[in-house]
Amino acid sequence: MLILAIDTSCDETSVAILWKEYVLANVVSSQIDIHKEWGGVVPNLARRAHEENIDSVLSQAIKRTQSRLRGILRQEYQKPFTVLLKKFEKAEYKFSLGLVDAIAVTQGPGLAPALEVGVRTARALASKWNKPLVAVNHMEGHIYANMLRKVPKQKEVIPKIVFPALALLVSGKHTELVYMPKNNQYEKIGKTLDDAAGEAFDKVARMLGLGYPGGPILEELAHEGDPFAFDFPVPMKQSTDLNFSYSGLKTAVLYTVRTLKEQKKLDKKTLQNICASFQRVAVEHLVLKLKRALDNRTHVKTVLLGGGVVNNAYARTELRKVARAHNIPMLSPQDKLLRTDNAAMIGIVGYYKAQRKEFVKDIDALDREPRLSL
Ligand code: KG4
Ligand code: ZN
């Protein structure tokens with residue numbers, strides 16, 4: 001199945017085209033430059049930027065697919081694409097949206113004005129090209145991003161999720177533990193009570209004047225710092241549930257930064273030490289909760305990671321240690337682009353839903369759901 005997918009849930013305008021689990025195009029246009037001066041995403045500026053960008057992102061995705069398909073024709077290993085190449089040949093080697101089997105779009109969660117642009121575009125394309133439409137939950141996208149593959153240069157096996165599985169989703173808006181007894185079944189067993197992990201990285205980075213989004217910049221500085229220089233409190237250490245909380249840690253960092261500024265002691269080395277110490281504690285919080293979840297559910301067969309914070313190499317390493325200690329394989333999306341918001345992850349869920357024929361019944365009535373939950 002050939003899927004066209006759109007994600008405009010937050011500050012990235014993205015369009016992807018997929019053949020089964022294989023990404024043919026995954027164009028992401030980031031609005032970081034627009035929101036950076038505000039230190040966070042401004043919903044109406046996001047809407048306007050999505051409106052301005054969506055057409056060009058779509059045509060870039062189409063162009064890329066065209067050249068990818070021509071590339072595959074020259075490749076030796078074509079097996080996963082045999083049917084697709086037949087379609088392409090029939091179309092006289094010209095890719096168009098007419099070849100697509102279904103259109104997938106993020107319905108929520110996200111910012112309402114931002115989601116609206118994607119949903120409207122998807123509805124219009126589905127009507128124009130007479131294609132079935134699939135509505136996708138963005139968080140499902142972060143989970144199934146683990147299955148995405150680039151067009152293979154050599155033979156490649158798509159990993160299998162063995163169920164029951166446990167997904168840890170850590171992004172700028174969500175920090176969630178999701179138990180999956182079976183494919184397509186979700187039980188949220190932990191969530192953040194206040195800030196999301198990525199939000200905490202961004203806010204701490206902002207306090208330190210590091211720029212936006214703060215996570216990747218903070219990680220860079222943490223490399224040079226001493227993770228034990230500051231003894232920030234590990235959140236909810238005594239609690240027995242699986243929820244998360246980042247606002248106490250954030251406030252502890254804020255007080256420390258304030259005091260150091262007053263004492264004019266916030267030099268470069270100290271800043272690096274704060275980053276490293278915050279990162280250690282922020283990750284320890286995730287580690288402890290994952291550990292607790294796996295201790296309670298000893299029958300879990302796969303751990304899945306998803307969301308922008310999974311780009312943090314220290315977090316991946318520490319979380320992997322937990323999975324290893326429990327003898328459970330852990331998957332994380334193949335590359336950086338697939339861990340942060342992108343339309344390919346929406347496309348893969350769209351593909352699975354289309355296989356189950358879970359199409360939107362009334363295309364014109366499809367509306368965004370900013371608070372959609374798993
Ligand atoms: O999944 P995502 O792209 O968007 C949401 O759905 O929220 O996640 C973005 C978040 C931001 O808060 C960003 O600072 C954080 O992921 N992030 C990181 C890193 N890269 C991105 N946090 C820590 N370390 C990183 N390397
Ligand atoms: Zn996301």
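## The cavity

Helices α5 and α12 (344-355) each supply at least two residues of the lining of the largest cavity; helices (H or I, at least four residues) and strands (E, at least two) are DSSP runs, numbered from the N terminus. The model is predicted, so local features need pLDDT of at least 70 and side-chain atom pairs count only at pLDDT 80 or more, while totals for chains, interfaces and linings use all residues. Residues are numbered from 1 along each chain as its sequence is written, chains are lettered from A and ligands numbered from 1 in the order in which they are written, and side-chain values use heavy atoms, with hydrogens and water left out.

On a 1 Å grid over the protein atoms alone, a cavity is a set of points where a 1.4 Å probe fits but cannot get out, a pocket is an open set with protein on both sides within 12 Å along at least five of seven lines, and lining residues have an atom within 4 Å of a point. There is one cavity of 30 Å³ or more. The volume of the largest cavity is about 40 Å³, where a volume is the space filled by probe spheres set on the points, and grid points are joined across faces, edges and corners. Its lining consists of Glu140, Tyr144, Asn183, Asn184, Tyr186, Val349, Tyr352 and Arg356.

## The pockets

The largest pocket has about 1400 Å³ of volume and 48 lining residues, with Ser171, Gly172, Asp202, Tyr212 and Pro213 nearest its centre. Strand β3 (22-30) and helices α5, α6, α7 and α11 (336-339) each contribute at least two residues to that lining.

The second largest pocket, at about 180 Å³, has Tyr144, Asn183 and Tyr352 among its lining residues.

## Ligand 1

Ligand 1 sits in the largest pocket, meaning that more than half of its atoms lie within 2 Å of the pocket's grid points. Around ligand 1 are 19 residues, each with a heavy atom within 4 Å of it; Gly172, Asp202, Glu219, Gly308 and Asp341 come nearest. Helices α5 (138-144), α6 (197-207) and α7 (214-223) each give this shell at least two residues.

Polar contacts are pairs of N or O atoms within 3.5 Å; within protein, one must be able to donate a hydrogen and the other to accept it, and residues adjacent in sequence count only if both atoms are side-chain atoms. An N or O atom in the side chain of His142 is 3.4 Å from an oxygen atom of ligand 1. For a backbone N or O atom of Gly198, the distance to an oxygen atom of ligand 1 is 3.1 Å.
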